[in-house]
Amino acid sequence: MTVTKKYSGRELYDAIGRPKTIVAPMVDQSELAWRILSRRYGAELCYTPMFHARLFATEQKYRDSMWSELDGDTERDRPLIVQFCANDPKILLNAAKMVENKCDAVDLNLGCPQGIAKKGKYGSFLMEDWDLIHSLIRNLHDNLNVPVTAKIRIYDDWEKSLKYAKMVLDAGAQFITVHGRTRDMKGQATGLANWKIIKYLRDNLPENQVFFANGNILYPADLKRCEEETSCDAVMSAEGNLYNPGVFWTKDNDVDKQFPRVDRILREYFEIVKTCPGVASRHAMKAHFFKLLHAFLNVHKELRPIIGKTSVHAHFDEWENIVRKVEEIVEEIYQKSNIEEVDVITEGEIQSWGGSYKEVPYWRCQPYFRTVDGQKQNTRVLKVAGQQDVSSDAISRPGKRRHSLAEQEPVKKAKEE
Ligand SMILES: Cc1cc2nc3c(=O)[nH]c(=O)nc-3n(C[C@H](O)[C@H](O)[C@H](O)COP(=O)(O)O)c2cc1C
């Protein structure tokens, strides 16, 4: 069936309110509850985690584990783009048809760099087979009621990257997201995303093309910097959003929105999880607790094993105890300390990626930095809390971060392939 009228990219972008801030597709992490929370903190468009098209199309159990009746809900979960990995146009279409009335577009994952994606031939391992990519996108473009979009990685070769992006658009992709890393930039070799090539692609694609940039967002201020440096329509964040949902808050400099207190955000998130049907939001909960509390747990280490051993299937009361404990600890911090003096977000030195480092108290959400030696983390934050002082040299560039989850989670989910 050929669809007679559906939005072009620019029409769709306008129709969904010209979003500027985007929650990236993240396996096990951009599920319904997280999206609802992120939207409250400034995310204007969200992607689902990558769903495996064949499993989604053929296995009810898999589908139920990924998708609930509230996903794509017009009140709470839009605008929404559903992402699939696939290598068979018919199967992809079958999967996409199942969600086409519950989302604003369907995205093809062309970025997963995992070994499992290599084995199953999907994600970034389709980069060797442009004909297949073309037919995957074209078939959706011709037959789906909603537009198709694509998220790509780059090649080392800028010209090849440009030809590649043009091919993806020629096939029918209406939005293109460029993650400014090559397929080999993963694990220890993740490195910095290259905004210059993102800009190069932007400049050499049709002016009207809806274009999103992805990579290296740590602070709200990085969003504007990225937009200016790449001329993109909107900026997508994955890790920055996971460690601090406030990363998308740009309306004002409200510290409570940009760097939320961990006790408050944890409570807010937990209450949202309780309202979400299906299992995906529950399954993702433990990982979200750890990330939201990352800096906090470096100080209150005693909570780590408690969270670690609490099952995602445990009664909510067990999780409630953890949330309460965090609330008590932060309450105590505010009672004991002269918070006026320490609870200040100050600008640090300019880092080599171009942004400025901020000193954020450990009881507030903040980006995750790994140190050069991989041993100590968030040492600057501890310094603010008066517990430790270290040289700024101990802080690595964001490029030293390892996207361990980015690399591992898709393996877990897609291992049936
Ligand atoms: C936990 C996690 C899961 C991810 N899962 C997906 C995914 O399902 N689909 C996808 O296209 N990219 C996935 N990615 C990659 C991100 O969407 C993003 O392209 C990458 O992390 C770079 O953005 P960042 O620098 O803001 O983290 C994942 C990343 C993380 C951290």
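Tutor: The expected span of a helix is 1.5 Å times one less than its number of residues. Keep that in mind for helix H7, residues 130-143. This is a predicted model. H7 has 14 residues. From first C-alpha to last, H7 reaches 20 Å, close to the 20 Å expected.

Some background first. The protein has 21 helices and 10 strands. Of its 417 residues, 61% are buried.

Now the buried part of H7. Which residues of H7 are buried? They are Leu132, Ile133, Leu136, Ile137, Leu140 and Asn143. These residues cover an arc of only 155° around the axis, so they lie on the same side of H7.

What do the buried residues of H7 pack against? Two of the partners are helices: H5 (89-97) and H8 (158-171). Strands E4 (105-110) and E5 (148-154) are partners as well.

Take H8 next. Two packed helices are described by the angle between their axes and the distance between the axes. H7 and H8 pack at about 30°, and their axes are 7 Å apart. Angles under 35 degrees count as roughly parallel, so H7 is roughly parallel to H8.

Finally, look at the residues that meet. From H7 come Trp130, Ile133, His134, Ile137, Arg138 and His141. From H8 come Lys160, Lys163, Tyr164, Met167, Val168, Asp170 and Ala171. Ile133 and Ile137 are among the H7 residues that meet H8, and both are buried.

Terms used
Residues are numbered from 1 along each chain as its sequence is written. This is a predicted model: local features need pLDDT of at least 70, side-chain atom pairs count only at pLDDT 80 or more; totals for chains, interfaces and linings use all residues. Side-chain values use heavy atoms; hydrogens and water are left out. Helices (H or I, at least four residues) and strands (E, at least two) are DSSP runs, numbered from the N terminus. Buried means under 20% relative accessible area, exposed over 50%, partly exposed in between (1.4 Å probe, protein chains only). The arc is that of the directions from the helix axis to the C-beta atoms. Contact means heavy atoms within 4.5 Å. Axes are lines fitted to C-alpha atoms, for helices over the stretch in contact, and angles run from 0 to 180 degrees between N-to-C directions. Angles under 35 degrees count as roughly parallel, over 145 as roughly antiparallel, 65 to 115 as roughly perpendicular and the rest as oblique.
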